[in-house]
Amino acid sequence: MTEYAPPIPETPEGDYSISIGPQHPTHKEPIRFIFQVKGETIEHVDLRIGFNHRGIEKAFEQRTWNQNLYLAARLCGICSAAHQFAYAQAAERCAKIYDEIPERAQYIRVIIQELERIQSHMLWYGVLAHDTGFDTMFHLTWRDREIVNDILEIISGNRVNYAMWTIGGVRRDISRDQITNIIPKLKDLRKKCDYHRDVMMSERSFIARQENVAILSTEDAKRFCAVGPTARASNVNCDVRKIDPYCAYNKIDFDVPLWDQGDIFGGLSLRLDETLISIDMAIQALENLPGNPGDIKIRVPRKIDPNEGIQRVEAPRGEDIHFVRSNGSEKPDRHKIRAPTFANLPSLVHRLKGCQVADIPPVIRVIDPCIGCCERTTFVDIKTGKSIDLSGEHLISRTNRAHRLGTRVLEF
Amino acid sequence: MSFIKNNIYPIFLIATGIFIAALFLAFQGSEAILPWLKYFLFPGVLFVLLMGLFYNWFDRKMFARMQNRIGPRFIQPVYDMLKLLAKEDITPDGVDKPEFDWIPGIQVILAFLVAFFVPVYATFGLISFEGDLIFVMFLLALVGGSVFLMGWATNNPYGLLGASRAAVAEFSFEIPLGLSLAGPAILAGSMRISEISVSKFSLLNLPVNFFAGQVTIIHLVYLIPLIILFAVSILAATALLEKVPFDPAHAEVEIVGGWTVELTGKKLFFTQLANFIMEFALAGIIAAVFLGGPGINDFNVNIGNWDVLGYLASILSFLIKTTVIVFLITLMRTLHSRIRIDQLVQYFWKYYLPISLIGVFLILVFMGTIGVV
Amino acid sequence: MAKLINKTKLVVDALTNSPFVGHLNCGSCNGCDIEIVAALTPRFDIERFGAVLQGTPRHCDVLLCTGPGTRQMEPRIRRLFEQMPEPKFIVAVGSCASTGHIYQETYSTCGKLDNILPVTAYIPGCPPRPEAIIDGVVKLITLARQGAKATEEEED
């Protein structure tokens with residue numbers, strides 16, 4: 001059996017090739033790296049994506065504005081709030097009600113996004129510890145991560161997909177009781193994160209795997225258009241929360257940590273710092289929650305007049321861009337997603353060259369890849385190398401035919 | 001009643017153990033039945049098997065408890081092993097069939113052979129002859145070779161990578177392991193495990209002898225090189241057993257189990273069993289060489305002609321010592337992250353080999369100046 | 001549970017008490033995947049039941065599949081299933097794998113996992129909580145035991 005992909009070119013560069021993915025314990029998500037290896041050193045990297053393509057942008061066009069909220073949350077299970085938020089904000093911009101959102105809703109949006117960033121970063125450094133064989137730290141961080149999940153469950157009712165946003169505000173309020181319940185938990189979590197930081201920044205065998213591995217210089221980070229923590233670890237200040245503030249981020253006091261090493265250890269230190277800052281931000285927002293309880297959303301018409309809306313959001317993995325276009329009906333005309341992982345993949349391929357085979361798991365981990373978000377598709381003619389434009393119906397009929405006939409490679 | 005029903009296998013195992021011990025003690029005078037008991041039941045195959053499974057459980061349980069988890073049940077390794085036996089045995093296309101079929105079995109035989117040299121209840125093991133420490137070292141080297149061949153036979157990129165890493169690791173840890181075991185042997189003046197274990201100058205016997213007035217205070221200086229060599233031997237044993245931090249050959253997250261990647265069913269059973277038994281055997285050998293094996297000093301000899309109490313005391317002392325060593329190995333894998341193969345080579349050649357050389361050198365210097373009484 | 005017939009009680013006990021778990025992402029959104037990983041960690045700890053996460057399908061007994069099964073991934077899913085040694089079980093974790101959920105009508109998925117693999121147990125939820133995943137695995141084990149017992153009685 002083959003797959004819908006061009007054949008692997010025979011490169012004479014390495015001794016043999018190792019394929020990692022689509023199923024591999026390093027990276028559970030379906031993505032395939034083909035490494036040409038000489039001894040233990042990687043000579044050439046080939047990347048295959050598309051295993052996780054679920055046709056979600058097309059599905060957006062078949063559902064109404066409000067139904068799409070729940071589709072947007074299922075783009076990615078780890079940064080679901082960021083995607084859903086970006087979609088909701090883009091739709092609000094499209095409907096020209098962006099400035100009317102109640103202040104309380106904007107603060108709740110900040111709280112949920114920061115809580116999500118905390119759980120995502122804790123997940124990240126726990127899995128990094130697992131990738132380098134440091135299972136104890138993995139278990140301890142995931143034990144403490146349950147605290148954030150509990151807080152999110154108190155606020156939204158679910159551990160992973162919070163479904164807190166709606167177009168025009170948020171769906172659930174945070175009561176005074178909940179705030180008094182949550183703040184001690186966050187302060188407890190801050191102590192535990194301090195402990196994680198102490199352990200991870202001082203364990204020698206852990207650091208030895210990370211220092212001076214897969215360095216991404218500032219120039220390279222800019223050249224490959226890296227975003228989010230990947231770029232900030234290489235001293236590129238690109239935090240959307242600071243440079244293009246949205247919801248209540250301009251009313252909240254926070255720092256953006258930068259690290260200038262650009263190696264895996266830089267990414268780790270940066271995320272450890274960001275976790276602590278995010279905890280502080282969440283506490284700050286919870287303590288200063290303005291407005292009256294219940295004043296959390298405004299009414300939005302079912303149909304949105306023809307317009308366009310675009311929103312940049314700092315997801316835990318970096319800058320996430322959603323674009324929507326309305327045509328006056330109940331459904332969006334077009335929805336386009338640029339996920340942060342997609343922007344970080346070129347820098348990843350650059351970093352993997354020259355690494356050792358043992359470095360593959362932490363180096364793949366360092367951009368915090370989330371293939372679920374990033375699977376968009378372009379049809380490329382293998383012979384000429386040019387991309388082909390296909391309409392939605394054409395695409396559906398082609399894939400149906402290919403599936404029915406059992407041919408694995410689409411002929412054009 | 002439900003307790004018995006739910007815990008039928010542990011109760012069965014413990015009852016079997018007690019029965020075997022009783023049989024052994026009852027027939028210890030009888031020449032006809034003793035060898036059979038010796039080789040197949042008590043210090044022999046069955047005991048080694050059960051101890052291997054027990055230490056696997058102990059290792060996993062301690063690992064889990066130190067990570068704030070509950071960990072596996074006591075009977076879990078037995079279930080795992082039985083399950084692997086019941087699974088389908090797949091031979092993939094493209095493997096080198098003779099090696100692929102035979103090496104797992106050979107690994108078990110090697111592990112059992114090493115385990116037979118471990119003194120369990122008496123000062124000597126099942127097999128004991130002059131120079132058996134060298135023979136044990138030779139068997140341990142063969143284990144590394146078998147791992148390499150196994151990875152090579154799978155013909156899988158992960159397997160090949162694991163095999164080459166295993167070979168490199170073997171070259172690295174073998175010399176420090178040999179040197180660290182050689183130190184006590186030089187001090188005892190013998191290459192026989194049983195004689196090293198009863199030496200007055202082993203790591204544990206030296207302080208005991210000092211308090212008993214057998215050696216003078218100046219002899220306590222031998223503790224410095226012995227502690228160094230003991231630490232090196234624990235590190236080398238961790239590398240031989242392919243446990244974190246020295247397990248690049250087996251790395252689960254990068255090369256998917258390395259050389260074991262294609263093994264299923266019976267073959268996986270054999271390799272895992274070999275690993276469990278090897279853990280027990282290595283812990284036993286290190287316990288015998290450094291900590292005096294089953295005896296504490298000449299306590300066993302004093303207690304009289306190996307009566308019941310003497311046997312029980314020495315078995316207990318042996319179990320405590322091996323458990324401590326297994327716990328140290330578990331601690332190693334709890335507290336560290338996996339290191340790369342180039343770092344492994346660097347650590348062993350750059351640090352542990354010179355350290356073990358210094359240890360042996362110190363022993364020789366002290367023997368020249370202070371002497372062995 | 002035809003796969004567990006002709007086994008003695010001891011073997012059935014061993015097979016059901018030591019489920020080595022594999023994890024396969026058939027195009028899910030990571031939500032179910034992180035809950036599977038969370039089930040390994042101290043608060044839930046499935047190692048209590050003998051379940052250990054394995055990297056290679058050759059060592060697995062139970063394959064936890066998440067996601068609706070994308071068409072690009074379909075040949076790989078089948079191949080992974082073939083690589084597993086008998087007896088083997090597939091558990092569909094999450095609503096996508098069980099029913100297709102929101103991806104039922106999209107052009108690039110197979111609808112649900114049933115269309116690709118013979119699924120034994122379904123764990124609903126988007127995503128299912130770790131407790132639900134543990135419960136699903138325990139139910140699968142109970143089913144396997146009952147099936148083995150029923151076939152035994154039939155033979156008698």
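Ser95(C) is found in helix H4 of chain C, which covers residues 95-99. With a relative accessibility of 14%, Ser95(C) counts as buried. Setting aside neighbours within four places in sequence, Ser95(C) is in contact with Gly100(C), His101(C), Ile123(C), Pro124(C), Gly125(C) and Cys126(C). Keep in mind that this is a predicted model. Here's a quick tour of the rest.

**Chain B at a glance**
- Chain B has 16 helices and zero strands.
- Of its 373 residues, 56% count as buried.
- Take the contacts in chain B with a separation of 6 or more: 76% of them come from residues 24 or more positions apart.
- Chain B exposes about 14700 Å², and carbon and sulfur atoms supply 74% of that.

**Where chain B meets chain A**
- On the chain B side, 26 residues are in contact with 31 residues of chain A.
- The size of an interface is often given as the accessible area lost when the parts come together.
- Between chain B and chain A, the buried area is about 2300 Å², with carbon and sulfur atoms giving 53% of it.
- The interface of chain B and chain A has one salt bridge.
- Asp359(A) and Arg340(B) meet through their side chains in a salt bridge, at 3.1 Å from N to O.

**Salt bridges within the chains**
- Over all chains, the structure has 48 salt bridges.
- One of them joins the side chains of Lys251(A) and Glu103(A), at 3.5 Å from N to O. Lys251(A) lies in the loop between helix H10 (240-243) and helix H11 (264-287) of chain A, and Glu103(A) in helix H4 (residues 103-131) of chain A, so this pair ties together parts 148 residues apart in sequence. Lys251(A) is partly exposed, at 41% relative accessible area, and Glu103(A) is also partly exposed, at 38%.
- Over in chain B, the side chains of Lys267(B) and Asp101(B) form a salt bridge at 3.6 Å, N to O. Lys267(B) lies in helix H13 (residues 265-291) and Asp101(B) in helix H6 of chain B, so the pair ties together parts 166 residues apart in sequence. Lys267(B) is buried, with a relative accessible area of 6%, while Asp101(B) is partly exposed at 31%.
- Lys243(B) and Glu279(B) make a salt bridge too, at 3.6 Å from N to O. This pair links distant parts of the chain, 36 residues apart: Lys243(B) in the loop between helix H11 (223-240) and helix H12 (252-255), Glu279(B) in helix H13 of chain B. Lys243(B) counts as buried at 10% relative accessibility, and Glu279(B) is buried at 0%.
- Back in chain A, a network of salt bridges links Glu114(A), Arg117(A), Arg232(A), Asp239(A), Arg241(A), Glu274(A) and Glu314(A).

**Aromatic rings**
- There are 31 aromatic pairs over all chains.
- Phe117(B) and Phe129(B) form an edge-to-face pair, 5.9 Å centre to centre with 75° between the planes. Phe117(B) and Phe129(B) sit 12 residues apart, in the loop between helix H6 (97-116) and helix H7 (132-154) of chain B. Phe117(B) is buried, with a relative accessible area of 1%, whereas Phe129(B) is partly exposed at 33%.
- Tyr347(B) and Tyr351(B) form a tilted pair, at 6.0 Å centre to centre and 55° between the planes. Both lie in helix H16 (residues 341-369) of chain B, four residues apart, or about one turn of the helix.
- Phe47(B), Phe54(B), Tyr55(B), Trp57(B), Phe58(B), Phe74(B), Phe280(B) and Phe318(B) form one aromatic cluster.

**Charges over rings**
- Arg93(A) lies over the face of Tyr98(A), 4.1 Å from the ring centre.
- In chain C, the charged end of Lys88(C) sits over the ring of Phe81(C), 4.3 Å from its centre.

Note on methods: Residues are numbered from 1 along each chain as its sequence is written. Chains are lettered from A and ligands numbered from 1 in the order in which they are written. This is a predicted model: local features need pLDDT of at least 70, side-chain atom pairs count only at pLDDT 80 or more; totals for chains, interfaces and linings use all residues. Side-chain values use heavy atoms; hydrogens and water are left out. Rings of Phe, Tyr and Trp (its six-membered ring) pair if their centres lie within 6.5 Å; planes under 30 degrees apart count as stacked, over 60 as edge-to-face and the rest as tilted. Helices (H or I, at least four residues) and strands (E, at least two) are DSSP runs, numbered from the N terminus. Buried means under 20% relative accessible area, exposed over 50%, partly exposed in between (1.4 Å probe, protein chains only). A charge sits over a ring if NZ of Lys or CZ of Arg is within 6 Å of the ring centre and within 35 degrees of the ring normal. Contact means heavy atoms within 4.5 Å. Accessible areas come from the Shrake-Rupley method with a 1.4 Å probe; for residues, only the protein chains shown count as cover. Buried area is the accessible area (1.4 Å probe) that two parts lose on being put together, summed over both. A salt bridge is a side-chain nitrogen of Lys or Arg within 4 Å of a carboxyl oxygen of Asp or Glu.
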